[in-house]
Structure formats: C-alpha cells, structure tokens
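Please look through the structure below slowly, and keep it in view while you read.

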Amino acid sequence: MTHKGRTTPPVLLHLLVLLAVVLPALGMAALVMDMQPTAQLRAPVTATSRPLILAQPKLIRPRTVSGLSSRYESVGYTLESVRAGDPPPAFVLMTLPGDWTKEMPSEVRKSLFFRALLPLVMQVNGEIAAARDRLIALRDHPDMSRRDRVWLNRMAERYNAIDGRTGAIDWDELMRRVDLVPPSLALAQGALESGWGRSRFARQGNALFGQWTWTEGAGIVPKDREDGKTHSVRSYRSLLASVRGYMTNLNSAGPYARLRKAREQAAAAGKPVTGQELAAYLDRYSEEGEVYVKKVRSMISVNKLGPMDQLINGR
C-alpha cells in the first residue's frame, strides 16, 4: 500500500488488515448490546431478594407463526408446563412474526401470545432482581466505589427516587420501586393493550402496553386521536424494550404509588405478590378506570394466569 510515494511498512499493513476485519464485528456487537444493555442478559441470574431463576437467553426472530410455534414445541414449552412448575425457556422474541395477524383459532393465538411474552417478562424481572440485589449490597456498605456511586445515582434518577428537598437518594422509595412485577399482571395487560399483538402499535412499533409519549417522533399517532391532543403511542426497537418500558412505568410513575406500596406490604408480610391483588391499583392506567381493573382481573382468571406468579414468589 502506498501513499504520496511512500510504502507502508509490513507490520502497519498487517495492522490495517486486522482493523478492517475487527471493526465491523465490533459494530455488530454494539447492535446486539443495544438490544441487551445489561450484563445480566448474557449470564444466568439468581436473585437473592426474591426467588427467581433464569437461563441464558437466546434472541429469536422467527419469520412466521409456524416457525415460532415449532420453536416452542421443540423444547416442550406449554402454558401447562409452566403452571406445573417448569420455568419458561429463555427465548427472547425480538419482534412478532410477519404473519401474526393471519387467521388462526383464538386459543392458538392466546397460547402463542402468552408463551411469547412470558420469557420477556421474566428476563426483565431478572434484570430488576439483579439490580435490587446490588442495591441491597450497597445500602449495607455505604463506603462504595466511584463506579458503584455513578450506577446508584443513575438508578435513583431512572426511578425518580431523589428527595426533592435535599437532593439525596430516598433509599426507602428506591427499594420500593426497584422490585418485580407479577407475570400474570404483565401478560394480562399486554394482551388487553395490544389486542393479542394485533394492534397497529404492536406490529409497527413493538408496543405491547399502550404507553403514551409526548416526545415528537418517539411514537405512533393514534388514528382516532382527538383534536387538540398531542400524544402518541410510544414505539420501541424490540418487544423486550417494550416490556422494560412498561415495568419502569409501573415502578416509577406517580399513578402507581399505591400498587408499589401494596407490593411492598405483601412482601414484608411474607405473602405472595400476585397480579390479581395489584390489579386493583391500575384504575389510572386507563381512562376506563375501575372497568379496566375488572378487565385485567378477568383476563388473569379466565386464562388461568395466576400460577405464573409462582415464578417470582417461589414454589
């Protein structure tokens, strides 16, 4: 290789070739890391703050419903097996198959939807559990490293757990917020909000929980949005990101303070934390109010989702 009449030394030439090979690979790795921003996604997680076991996740992108169904059948994954006590496989579905809206028996669609969403819910619960364990360790050891201090401050900001008067971290509030969401609750709300994954927001924006945003360009404008309204339904790069957004919303937004308090009280009393109980505090999630609460509870009971909560409550 020459430049302005000079010849590149062999060692430098080899280095340039090596960089040409390595840099594209690093770019691909960065894309994967954007989908999986935490270290917990690449290793099994065992939480001590609440019984929870996760296997190493595998990202999947089946193009068809039949491909997704075959993947589940290959490992014997059924809702009945989970109700019986088996953990779901660690299949992280990134987007719904392209033919998801095709005609199929309602029971088949329901089963596939719940089986697709459950591993995502458990993946995010695993991330939360790992973060909670780290918080517990740091709270008992205030002489922390600079790295831990930076991470702690980010967590407090993310979960809105900073005292407005003093600017200090509100530890009680932070621990109340960084906690697990019952799988039955997430499954029921995901089904209701996305129409079993058939909504335009789910198909075009991976949005399963109907979360609003007022940031321009961050979402999809509802076709029936009233004049004068400026909100859109937030879109996500993946279904996993949608689940993360949903859980962060429940764990940090003001309307769900009673839900978080009820969860904390149940855990302190040694009682299981269930979707049926926490659904009572979702009256502000939807404009339907108490009607929405009844819909969520009915979704849980009719579809026998309650046993899924054993995944966070122990066996």
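Contact, as the word is used here, means that heavy atoms lie within 4.5 Å. Helices (DSSP runs of H or I, at least four residues) and strands (DSSP runs of E, at least two) are numbered from the N terminus. This is a predicted model, in which local features need pLDDT of at least 70 and side-chain atom pairs count only at pLDDT 80 or more, while totals for chains, interfaces and linings use all residues. Residues are numbered from 1 along each chain as its sequence is written, and side-chain values use heavy atoms, with hydrogens and water left out.

The protein contains 13 helices and nine strands. Of its 315 residues, 46% are buried, where buried means under 20% relative accessible area, exposed over 50%, and partly exposed in between, with a 1.4 Å probe and protein chains only.

Let us begin with pairs of helices. In the contact of helix α2 with helix α4, Val65, Leu68, Ser69 and Tyr72 of α2 meet Leu112, Arg115 and Ala116 of α4. Sorted by class, this contact has five nonpolar residues, one polar and one charged; here Ala, Val, Leu, Ile, Met, Phe, Trp, Tyr, Cys and Pro count as nonpolar, Asp, Glu, Lys and Arg as charged, and the others, Gly among them, as polar. The axes of α2 (residues 65–74) and α4 come within 11 Å and cross at roughly 65°, the axes being lines fitted to C-alpha atoms, for helices over the stretch in contact, with angles that run from 0 to 180 degrees between N-to-C directions.

Helix α4 also meets helix α5 (residues 146–158), and the axes of these two come within 11 Å and cross at roughly 120°. The two helices are therefore oblique to each other, since angles under 35 degrees count as roughly parallel, over 145 as roughly antiparallel, 65 to 115 as roughly perpendicular and the rest as oblique. Ala131, Arg134, Leu135 and Leu138 of α4 make the contact with Arg147, Asp148, Trp151, Leu152 and Met155 of α5, and by class there are six nonpolar residues, no polar ones and three charged.

Leucine 152 and leucine 135 are 17 residues apart in sequence, and their C-alpha atoms are 7.6 Å apart in space. With a relative accessible area of 0%, leucine 152 is buried.

A further pair is formed by helix α7 (residues 183–194) and helix α12 (residues 290–302), whose axes come within 9 Å and cross at roughly 115°, and which are therefore roughly perpendicular to each other. On the side of α7 the contact includes Ser184, Leu185 and Ala188, and on the side of α12 it includes Tyr292, Val296 and Met299. The residues of this contact divide into eight nonpolar, two polar and two charged.

In soluble globular proteins, nonpolar side chains tend to be buried together. A nonpolar core is a set of buried Ala, Val, Leu, Ile, Met, Phe, Trp, Tyr and Cys residues joined through side-chain atoms within 4.5 Å. The largest such core here has 76 residues, and those with the most contacts inside it are Phe114, Leu117, Leu185, Tyr246 and Leu282. Helix α4 (residues 106–140) gives the most to this core, with 15 residues. Apart from it lies another core, of five residues, among them Phe201, Ile220, Val233 and Tyr236.

The C-alpha atoms of arginine 260 and arginine 176 are separated by 6.3 Å, although the two residues are 84 residues apart along the chain. Tryptophan 196, in the loop between α7 and α8 (200–205), has a phi near 60°, a positive value in a residue other than glycine. Asparagine 206, in the loop between α8 and β7 (212–213), likewise has a positive phi, of about 55°, although it is not a glycine.
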